[in-house]
Every structure is written in structure tokens, then in C-alpha cells.
Amino acid sequence: MALAWNELDTRAVKTAKMLAADAVEEAGSGHPGTAISLAPAAYLLYQRRMKLDPQDHLWLGRDRFVLSAGHSSLTQYISLYLAGAGLELDDLKKFRTFNSLTPGHPEYKHTDFVEITTGPLGSGLSSAVGMAMAQRRIRGMFDPEAPEGESPFDHRVYVIAGDGCLQEGISSEACSLAGTQKLGNLILIWDDNHISIEDDTNIAFNEDVLKRFEAYGWHTQSVSWQTEDGYTEDVDALNAALEAAEAETSKPSIIALRTIIGWPTPEKQNTGGIHGSPLGDDALQGLKAELGLPTDEMFAVDEEAVAHARQNVADRAREARRVWDEKFSQWQKDNPEESELLDRLRDGRLPEGWEQSLPAFEEGKAVATRAASGQVINAIAPVLPELWGGSADLAGSNNTLMKGEPSFLPVERSSKMFAGNPYGRNLHFGVREHGMGAVLNGIALEGLTRVYGGTFFVFSDYMRGAVRLAALMNLPVTYVWTHDSIGVGEDGPTHQPVEHLAAYRAIPNLQIVRPADAAETAQAWKATLEQDGPVGLILSRQALPNPARGEGALASAEGVARGAYVLSDCEGTPELIIMASGSEVQLALAAKEELSDVKVRVVSVPCMEWFDAQDDDYRESVLPAEVTARVSVEAGIAMPWLKYLGCEGKAVAMDSFGGVGSAGELFEHFGITTDAVVRTAREVLA
């Protein structure tokens, strides 16, 4: 279909180029080059291709846009300004300033219509894969029988990425998975400009990208604005490529758009110098002269062109909403039960009484917390249809598999072990921890579902960047990190996490929960699902005791929700407090038995973050300030415990990497034992 593009559209694109240059110049820093050269592509997406309602940034039927090249944030901000979607000229003038709506990189929940925080290159594209996967899962939950493209739950995910995004390994992981999943709702425009901070990318990046993506199973196209006759921003060719990509519903699509970064800026276009620095007076005036715009004014917008662009988006939105609203209303009438479920999920509510499905574990029977977690997942799956997840090729070890549920796979990808269904619940990420982390973020950002992903705790290092972004965006992602300590044993020190508890507790807004037994594991899942934000469940490989609780025995595991609680107490004020998490709680309890001449309180500390969030009175009731004799025990480095130990306490902890041997031998060798706790307690008391 021929593209309706008139003089006002051309003038709007020129305005966008000028605004990109002026905003960076005004701020004194930023990345003008890509925003200048990609202005026509972004304008085309927002003005002609994407479903967008500028009055409703949470419209369920909207297409998602991901600016994976987040340094070019002005590409998105200017597009939103021209669309009348929440940003005005003053916001562009405040680019990169304190508390502005236009920070240096797009920030989720800071600026309306920004679907994801991007900045670390490749992460946006990788999370877009998760968004596309979630869209398919949500369609399967609510409207699986609708013809392709006819459901109110159908939408596309559009991505703009640069050379840097495609160089980062995370995008290779996620894009390979996208091909396997045949995500026809995912469309990527790759800004193939051959320039990065170190100038020509040929010094480090010269592969045939489209052949790589073809091998992944993507639909590939190429559009070049560089021709033998010069440089032409051929929006008709790009529009035709987008139409072809949208028509290809069985594969994700990549369009290689060959551009000249910063075009048409004299002297600076097509250089690394325009990537991440202001143009300077001469180049700025030269750009405006090339565009036929006033050279002596800043932010001299073409008001008529802006009004035209806004009216166009408003008209398209009105028609798109009319069509979508009709479909959605009919769907609600035809599907009352699903409609009630949708309302619950949009409100972020759990079903009434869902916690009654949590399993009860036999007291006195030892069980690994990873196994207990698997039982919890399978027990709650029938009452929480929004829950789904999987593992980085470790489902059997992480216990992440939902038994009896199909895998989220195109049917033809089924294996002997896993039956595929495009709307299934069991996810298979392959050995791709970093990609998995980003995909989990995208699934969470799509909304409506609750997702989890598992791997060995030691390999969480590979996904740390994605976890940090989940914490930054406060996404409800659950990490099932198993094999939590030197208790891994025979796999050796490469597989034994020692510093990881401290390293992950250092990330703001990430909750790290290390349950002591099966009962605490069930309560950890309950507390996790009843709140927002990312949670890492740190689970044991080895079986741990599941002691009796309540009625004169140990305290109820419901205390997990408060982060730390008095597990076993003494009469009156304690003389000594022993604190522990996970598998070491049993050592604390055993040490109390041996310290029969001392008034000892044992405190289970499954989650420091939850405990620190409690009020002063509760924290004082658990760890009274007057009791300065304190011992912590955890098979990791001592650093996180220092804030609880004070000047007089001591830690039983690791100060080196693990070793070779069985779990029991290693705990003995490194002094993570009951005897060590007792000895340390005597030292503290003395």
C-alpha cells in the first residue's frame, strides 16, 4: 500500500532532527547522532504503523515500542512530543536535567509511554523477546480460538536497536530463543550505521548480521538509504519492509536499515564524534542550514507540522480504539469468567483463599528446599493461572517444571520429553542465563502474568545485569536460584557460591530470601507472590531438616514474611542471639542445645531486606539493642551480617572460595559447624 506522506510530514521530520540537536546542545551532553538520522524511521513508526492512544499509555491494545538503543532517548521523546503523548516542548528543553520527564535514557514508570528502562545495550531488544512471548501467552489464556490478528489481545512489539545492541551477547541469546519460539509479533529495526563511540565498527564488528539472524530463524530484510546517487531517506521503502514484516506471522522480523549517523550534519555526520557529544555551534548551524531551518534560533519548532503530526496520531488512535473497543466489549460478553480473571490480574490481586493451596510438609522429614519449592509451584499452579516459568536448561535440578502442563513452544518444536503448545506454561530458556533474565523482565513488563526463572545460584552472575534492571524497574520477577552454597559439594568450587549472597543483597530493591526448611520455603513463595518487586529464592541442593513448629516447638514459619523472626527463644532477656539463614539455621538450633548454661535466642533471617523494612518496634523485639553478644552463621562471606553483629558480635562464615569434596566434608573443612558456632559463642560471651 502506498504511503500517504506529504510536505507537513517532511517538515515534522526536519523539526525532529532539529530538536534532537538542540536538546543535546542545551543540555551540554547527550547522543544526538542517532536521534537525528533515525527521525524519519521513528516518525514513520509512531505516525503510521503502531497502535497508540496518546490519551491512554496503559491501553491494553497498544503496540509496544522498545528503544533498545537507549542512549538515543530523544528518538522516543521527540516521537512522543510529536504524537501529543504526554511530552511538550518544555520537556525537551529540560533534557537530562534533574527530575525532568526526559532523562538521558528512557526510564520505566518515570515517563508515560516508556515501556522499559533501557541503557545497557542489548537489554531492551532481549526484553522485547519476553514481551512478545508474554503477549502470546496472554492471548492463550484469554482468547486462544480467535483468528490471527482478530483478538483484542493481539499486538506487536517494535524495537529500534543499534550496532552495540547486536554486539552484546545478551541479544544473541534472546534473539536465538525468539527464532525458536517463532515470535511473529516481534519486529526489529536495526540502525545499521557502522558507527560507535570508537568510530568505524569495522574494527570489531564485521559479521553478516542478516545471515546470523536468518540462521536464528528470523525473517530478514534490508533497506538502504545510501544509494549510488547519494543519500535518500526513503520512508516508502522502510514502510514496505514494515508491512512485509507485519505480514510474516510465523517468524520474528529484522530490518537492516542502512543509515548515516547524524545525516545531514556537515563534517560530523558518519563519525564517532556525533554519537555521544553536542554538535557545537558550527555543526549545529550547518545542520539547520541543510534542513532549511533558521540557524540563529534554538527550539524553533514548525508549529503547523507539529499540529499536523498530533492530529494524525489522534485520528488514527480514535479509529483504532473504536475497532478495539468493539472487539473487547464483545469478548467480555462472550467470556464472562475470563473477563473476571482479566479484571483480577489488571488489579494485581491474587484469588481469594489461594494460600490454602500451599502444601504442608511432613514435620521431621528432611527435604531440600529446591524440592520443596518445586512442590509449592505445582500445588499453587492450578489456582494461579497467571504463574508460569522455567529454567536455563536446569528444570530437573531447579525443580521449576509444572507437571502436566505443556511447554510454551510451537508444536513442531516438541521433544520426546516436552510436548509443545504455543500457549503453554513451562518455559525453556536453554543455557542462556543473561538472556533469560532479560526475557523475564519483558514478560513482567507486559503485565498480567507472574513469571519465574531458575538456574544454579553461582550462575546468577551471568544474569546480574538483567536482575539489576528488574530491581530498578521494580518488576515482579521471581528467581529460583538453587544449589546455594558449598553444600553443592562434589561439583567443586566453580559451582559453589560464596560471595553471591552478599553481592545480590547489595542491589537496592532486590529481595533475597534463603529459607531454612520446607515450611519456610512455602511461606517464602507466599510472601513473594503477595508483593511487587523482584525476589531471589536461594534454595539448597541438600536435604534440610523440617522440624516441628508451634505448640511449644519452634515458631511458625509465617514469620518469614517479616524477614527475620524469633525461631527459638529462652525465658527472659537472652544473653546471646544466634542468627542464621538457610541450611545453617539447623546449626544455630543445635548450638543452642549445647549452650544449655546460656540463655540463647535463635533468630531465623531468611530475608534481610524484608526485615530491614519492618518498623523499629518489631526489629527491636527480634534483636534487642541491649543484647550485644551475637553470632551469625551462614555459608557465605560475612559482610551482610556486620550491621546486625555490631562491635561485639562475630560471624561464622566463609572467607575463601569453596573446595573439592562432599558437602559434609566441606562444611567441616571450612568451619561451618555446630562446634564452630558454640566456640564462637563462648568467645563472644567471654
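Which residues does K599 touch, not counting residues up to four places away in sequence? In this predicted model, the residues that K599 touches are C570, E571, G572, T573, P574, E575 and L576. The sections below begin with the whole protein and then return to this part of the chain.

## The protein as a whole

The protein contains 25 helices and 24 strands. A compact globule of 686 residues would have a radius of gyration near 26 Å, and the 28 Å found for the protein agrees with that expectation. When the box is taken along the principal axes, the C-alpha atoms fill roughly 90 × 55 × 45 Å.

Of the 686 residues, 60% are buried, and among the contacts with a separation of 6 or more, 75% are made by residues 24 or more positions apart. The protein exposes about 26,400 Å², and carbon and sulfur atoms supply 48% of this area.

The largest nonpolar core has 75 residues, of which L576, I578, M579, V633 and I672 touch the most other members. Helix α19, which covers residues 518–529, gives the most to this core, with 6 residues. A second, separate core has 66 residues, and A35, L87, L238 and V306 are among them.

Helix α20 covers residues 585–594, and V585, L587, A588, L589, A591 and K592 are buried in it. An α-helix has 3.6 residues a turn, so residues three or four places apart point the same way. The buried residues of α20 are covered by elements that include the strands β20 (565–568), β21 (576–580), β22 (600–604) and β23 (630–637), together with helix α25 (674–685).

K599, the residue of the opening question, is placed in the loop between α20 and β22. K599 counts as partly exposed because its relative accessible area is 35%, a value between the cut-offs of 20% and 50%. Although K599 and I577 are 22 residues apart in sequence, their C-alpha atoms are 8.7 Å apart in space. One of the residues that K599 touches is L576, which is also one of the residues that touch the most other members of the largest core.

R64 lies in strand β1, which covers residues 64–67. Is R64 buried or exposed? R64 is buried, because its relative accessible area is 3%, which is under the cut-off of 20%. Not counting residues up to four places away in sequence, R64 touches M50, W59, E115, M131, H155, R156, V157, Y158 and E446.

R48 has its place in helix α3, which covers residues 39–49, and at 16% relative accessibility R48 counts as buried. When residues up to four places away in sequence are not counted, R48 touches L3, A4, W5, D9, Y43, N312 and R316. From R48 to A519, which are 471 residues apart in sequence, the distance in space is 55 Å, C-alpha to C-alpha.

## Backbone details and an exposed loop residue

The loop between β9 (253–258) and α11 (281–291) holds P264, which is joined to W263 by a cis peptide bond with an omega of about 5°. E267 has its place in the loop between β9 and α11, and E267 has a positive phi of about 70° although it is not a glycine. E267 is exposed, with a relative accessible area of 77%.

F299 lies in the loop between α11 and α12 (303–334), and its phi is near 60°, a positive value in a residue other than glycine. F299 is buried, with a relative accessible area of 8%.

E626 is found in the loop between α22 (616–622) and β23, where E626 is exposed with a relative accessible area of 63%. The C-alpha atoms of E626 and S407 are separated by 54 Å, and these two residues are 219 residues apart along the chain.

Methods
Residues are numbered from 1 along each chain as its sequence is written. This is a predicted model: local features need pLDDT of at least 70, side-chain atom pairs count only at pLDDT 80 or more; totals for chains, interfaces and linings use all residues. Side-chain values use heavy atoms; hydrogens and water are left out. Helices (H or I, at least four residues) and strands (E, at least two) are DSSP runs, numbered from the N terminus. The radius of gyration is taken over C-alpha atoms; the globule rule is 2.2 Å times the number of residues to the power 0.38. Buried means under 20% relative accessible area, exposed over 50%, partly exposed in between (1.4 Å probe, protein chains only). Contact means heavy atoms within 4.5 Å. Accessible areas come from the Shrake-Rupley method with a 1.4 Å probe; for residues, only the protein chains shown count as cover. A nonpolar core is a set of buried Ala, Val, Leu, Ile, Met, Phe, Trp, Tyr and Cys residues joined through side-chain atoms within 4.5 Å.
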